[in-house]
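Hi everyone, thanks for coming. Let me put the sequence and the structure up on the screen.

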Amino acid sequence: MKYIIISDADNTLWDTNAVFEQAQLAALATLAERGEDAGNLGLKRLRRVDLLLTQKLGKHEYDFEKLAIGLMLAADGFEDERAVEVVAGNGTGTDPERVVAARRFGQTFRRILSDGLPPLLPGAESLFRWLKLELASVPRRAVSVLYSEGDATRIRRIVREHKLDQGYFDLTEIVEEKNVAALDRVATRGRDILGDEPARLICLGDSLSKDIAPAKSIGAITLYKPAGFLGRETPADPSQEPSYRVDGLRKALQIISSLVASRD
Ligand SMILES: [Mg+2]
């Protein structure tokens, strides 16, 4: 059996959460500097409003001006859920001071996201070294794919700066939104590299809803590795139950390498 190894990037291979946190703190400080009460709401509250917005808008990289306005509404006394409903419906308000504050918040947020280099997570280098050897082996047993959603410019820059474009992945696939159809297309591209031989999918990620459930629905072996951003998630239903839970990339590599080495 051959394998198509598909790995998520953000918070699976590198610590995107660290850069987001830095961006969030700096953006919050711009509100405080302008005398906005929202600047004193703290990181925990910001992350709650951010999480609600990502759920509402379906992506993590949205117009961060919306987050600023949401926080300003929260500081006015709106419940977080209500504040998010208002901004998601384009209710940015007309107060020119607030519009300027939101723009500055958004610019600061985006600048740090686009300049910051998230560190690789422990065990990533071992995984990459193994992938490189595996991809160079003859006959070929596996194809590897870096699979991410989000801002393509940001992700390609991280790949370049960490030198991950040097033989670790056959494909780098960046999609607007991860779902079953997108994963299925990526798997097909992986199969094209292997030719006609049957291949099983192995999918690794830190999100039960974005990584595990879609992979499971197309028959993949799934490895769930919790990370700082989402924390240790609990499956909402059996469709999110992973084949394996691992506490880090070293354990993930052990499982993946033994699957690939097995003669089934
Ligand atoms: Mg991720």
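I'll talk about the sheet and then two helices.

First, please keep in mind that this is a predicted model: local features need pLDDT of at least 70, side-chain atom pairs count only at pLDDT 80 or more, and totals for chains, interfaces and linings use all residues. Residues are numbered from 1 along each chain as its sequence is written. Helices (H or I, at least four residues) and strands (E, at least two) are DSSP runs, numbered from the N terminus.

Let's begin with the sheet. Six strands make an open, parallel sheet, in the order β3-β2-β1-β4-β5-β6; strands count as paired if DSSP finds at least two bridges between them. At the edges sit β3 and β6 (244-245), each pairing on one side only. Between β2 (residues 142-149) and β3 there are five bridges, and S148 stands opposite I174 in β3.

Now to helix α7, residues 152-161. Which of its residues are buried? They are R154, I158 and V159. Buried here means 20 or more other C-beta atoms within 10 Å of the residue's own, exposed means 12 or fewer, and partly exposed is in between, with C-beta atoms placed from the backbone. Down the axis of α7, the buried residues fall within an arc of 135°, so they line one face of the helix; that arc is taken from the directions from the helix axis to the C-beta atoms. On the face turned away, T153 and R160 are exposed. After α7 comes K163, with a positive phi near 55°.
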